[in-house]
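Work through the exercises below with the coordinates open. Try each task before reading its solution.

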Amino acid sequence: MKLTLLFLILMTSKLFAYSASCGTDDGKDFDIRVKNKVMTIDNKYTAFYRGKTILGWYEYSNKGYTYLIGKFKGNQFPIEVTNKWGLDTEGTCYFDN
């Protein structure tokens, strides 16, 4: 029983940890890493998990930016980025190998 529980915990934590390279329509490229409900952008900025939207997207935010992560499709997923200064862009992220 303990071994099964440990396996489930490890699998669950693995499902919520990933890294990806992203590009948006405004020409910006950046890397993200998600682990333990914290997104790290370009190894220097962090955004925290806020929940799921009505459409099922995952929302991460900090004081300036909001990142919406869409459903995973193969090795990629859509991303939308907005900020308090009026930026509104979208793009695609590709999982790192």
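**Exercise 1.** Classify Cys22 and Cys93: are they buried or exposed?

*Solution.* This is a predicted model. Take the cut-off of under 20% relative accessible area for a buried residue. Both Cys22 and Cys93 are buried. For the whole protein, buried residues make up 29% of the 97 residues.

**Exercise 2.** Find what joins Cys22 to Cys93, and describe the link.

*Solution.* Start with the sulfur atoms. Cys22 and Cys93 have an S to S distance of 2.0 Å. The cut-off for a disulfide is 2.5 Å, and the pair is joined by a disulfide. Next, search the whole structure: the count is 1 disulfide. Then take the angle about the S-S bond. It is 105° for Cys22 and Cys93, and the link is right-handed.

**Exercise 3.** Work out how the strands are arranged.

*Solution.* List the elements: 1 helix and 8 strands. Along the sequence the pattern reads α-β-β-β-β-β-β-β-β. Now follow the pairing. The 8 strands close into a barrel, in the order β1-β2-β3-β4-β5-β6-β7-β8, with antiparallel pairing. From one strand to the next, the twist averages 30°.

**Exercise 4.** How many bridges join β6 to β7?

*Solution.* Strand β6 covers residues 65–69, and strand β7 covers residues 76–83. They run antiparallel, joined by 5 bridges.

Key. Residues are numbered from 1 along each chain as its sequence is written. This is a predicted model: local features need pLDDT of at least 70, side-chain atom pairs count only at pLDDT 80 or more; totals for chains, interfaces and linings use all residues. Side-chain values use heavy atoms; hydrogens and water are left out. Two strands pair if DSSP finds at least two bridges between them. Helices (H or I, at least four residues) and strands (E, at least two) are DSSP runs, numbered from the N terminus. Axes are lines fitted to C-alpha atoms, for helices over the stretch in contact, and angles run from 0 to 180 degrees between N-to-C directions. Buried means under 20% relative accessible area, exposed over 50%, partly exposed in between (1.4 Å probe, protein chains only).
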